[in-house]
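This briefing is intended to be read beside the sequence and the coordinates. Please keep both in view while following the points below.

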Amino acid sequence: MSEYEFVAEVWRWNGEAAWHFVTLPHDVTDDIDDSHEGARGGFGSRRVEVTVGSTTWRTSVFPDKNAASYLLPVKQAVRKAEGLDEGALVDIRLRLLVD
């Protein structure tokens, strides 16, 4: 299984929406694209398990053509548990899941 550790900034979709994301670094995106692990889901998504601080959850990363990268949604429960606001730099551990 492929695992990655990186630091990324939390940002808010459209500035006022409730959705928050981090953009995966390009080297991580390239490696995920080259990986044969895990099936692609709808919209080219990939299933992942993510750890931020003491919080671990499963979700999907979604390709974004504008960023030429994958976007990782950071749900409200995680942001609240870890005290994350827009603009926060977070240490992320991401594991690509094999279905």
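Predicted model: local features only at pLDDT ≥ 70, side-chain atom pairs only at ≥ 80, totals over all residues.

Residues are numbered from 1 along each chain as its sequence is written, and side-chain values use heavy atoms, with hydrogens and water left out.

**Nonpolar core**

- The largest nonpolar core has 22 residues, and L24, I92 and L94 have the most contacts inside it. Such a core is a set of buried Ala, Val, Leu, Ile, Met, Phe, Trp, Tyr and Cys residues joined through side-chain atoms within 4.5 Å.
- At least two core residues come from each of β1 (3-9), α1 (26-34), β4 (46-52), β5, β6 and β7 (89-96); β7 gives the most, with four residues. Helices (H or I, at least four residues) and strands (E, at least two) are DSSP runs, numbered from the N terminus.
- In soluble globular proteins, nonpolar side chains tend to be buried together.
- L24 touches F6, T29, I32, V61, S69, Y70, L72 and L94, with residues up to four places away in sequence not counted. Contact here means heavy atoms within 4.5 Å.

- L94 is found in strand β7 and counts as buried because its relative accessibility is 0%. Buried means under 20% relative accessible area, exposed over 50%, and partly exposed in between (1.4 Å probe, protein chains only).
- Not counting residues up to four places away in sequence, the contacts of L94 include Y4, F6, L24, I32 and V61.
- β1 and β7 pair in the antiparallel sense over seven bridges, where pairing requires that DSSP find at least two bridges between two strands.
- Within this pair, Y4 stands opposite L94 in β7.
- Y4, F6 and A8 form the covered face of β1, whereas E3, E5, V7 and E9 form its uncovered face.

- D64 is found in strand β5. D64 is buried yet has no salt bridge, and the nearest side chain of opposite charge, K65, is 9.5 Å away.
- A salt bridge is a side-chain nitrogen of Lys or Arg within 4 Å of a carboxyl oxygen of Asp or Glu.
- A polar atom of the D64 side chain lies 2.9 Å from the backbone nitrogen of A67.
- A68 lies in the loop between β5 (55-64) and β6 (69-73); A68 has a positive phi of about 55° although it is not a glycine.

Methods
Lys, Arg positive; Asp, Glu negative; His and termini not counted. Polar contact = N/O pair within 3.5 Å; in protein donor to acceptor, adjacent residues only side chain to side chain.
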